[in-house]
Amino acid sequence: PKRTVNCSLVLNRCKIKNLYISKRSNVTVDLRDNPFIETVTVEEGFIGALNLSRSAVTDIQIGDNSRCNIAMNYSAKCFDLHIGDVYSGVLDIRDSCFHNLKIGYYCYANIKLSENWGQKNIVIGDSFRGNMILDSVYAKNISVGSDCRGKIFIKNKARDGKKGISRVNLGDDFGGELDVTSSRTVERVEIGRNAAG
C-alpha cells in the first residue's frame, strides 16, 4: 500500500505474476531468480531498490520522482523498461535482453548498460544530467532529448565490431560530453542546434 516505509520484500521463488507498489513507498524488493513474475509496476515517489536479476519479468514501469537502484543481470526473458521523469539512482543492466528502454526528462541517474542485446531503442528525455556508460550494447540507436548536460560513453569490447549501437541522436542545446572513441560500431552521430558540449 501507499506510504509503506522501511519494508523489505524477499520474493525469490514466490508464485506471483504481478507486483504493484503504490505511491511514495520506501521498499527494498528482491525478485532474483523468480521464474513466475511478469510485471512490476511502481507508482510515483518510490524510494528503495529493485533487484530483478535472473527473473522472468517482461514489463517494468517506474513512476515519476523515483530515487532507487535497479539491478537486472542475466534476464531470463526480454523486457520493456519505462522510467518516469526526475529519476535518480543507479540503473545497472548487464548481460540481458531489453526490447525498449525509456527514461523521462531530468534524469540524473548513473546508468550502466553492458553486454545487452535486443536491437530496439534507448530513449532518454530532455535535460539529462546523469552519467551513462554503454558497453557492448546491441541496440539500434540511442536518443537523448534537448538540454543534455550529462556524460555519455559508448564502448564496445567485441572484437568483430558487428554488435553495438550504430546511431546516436542528441537534441538541441547539447552541453554535455559524448565519447565514442572506444566504440567500433557507431556510424552516425546527429546533434541538434546550439551545441556547446
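Two strands count as paired if DSSP finds at least two bridges between them, and the strands themselves (E, at least two residues), like helices (H or I, at least four), are DSSP runs numbered from the N terminus. The model shown is predicted, so local features need pLDDT of at least 70 and side-chain atom pairs count only at pLDDT 80 or more, while totals for chains, interfaces and linings use all residues. Residues are numbered from 1 along each chain as its sequence is written, and side-chain values use heavy atoms, with hydrogens and water left out.

**View 1. An open sheet of nine strands with parallel pairing.** The order of the strands is E2-E4-E6-E8-E10-E12-E14-E16-E18. Strand E2 (18-21) and strand E18 (188-191) are the edge strands, each pairing on one side only. Neighbouring strands of this sheet are turned by 5° against each other on average, direction ignored, where axes are lines fitted to C-alpha atoms (for helices over the stretch in contact) and angles run from 0 to 180 degrees between N-to-C directions.

**View 2. Strand E10 (98-103) and its pairing with E8 and E12.** Strand E8 (residues 79-83) pairs with E10 in the parallel sense over five bridges, and His82 stands opposite Lys102 in E10. Strand E12 (residues 122-124) also pairs in the parallel sense with E10, over three bridges, and here Lys102 stands opposite Val123 in E12.

**View 3. The pairing of strand E16 with E18.** Strand E16 (residues 167-170) runs parallel to E18 and is joined to that strand by four bridges. Asn169 stands opposite Glu190 in E18.

**View 4. The one disulfide of the structure, a pair of cysteine sulfur atoms within 2.5 Å.** The disulfide joins Cys78 to Cys97, with an S to S distance of 1.8 Å, and the link is right-handed, with 90° about the S-S bond. Because Cys78 lies in the loop between strand E7 (67-73) and E8, and Cys97 in the loop between strand E9 (90-94) and E10, the pair ties together parts that are 19 residues apart in sequence. Cys78 is partly exposed at 28% relative accessibility, whereas Cys97 is buried at 5%; buried means under 20% relative accessible area, exposed over 50%, and partly exposed in between (1.4 Å probe, protein chains only).

**View 5. Cys148, a cysteine in no disulfide.** Cys148 is buried, with a relative accessible area of 1%.
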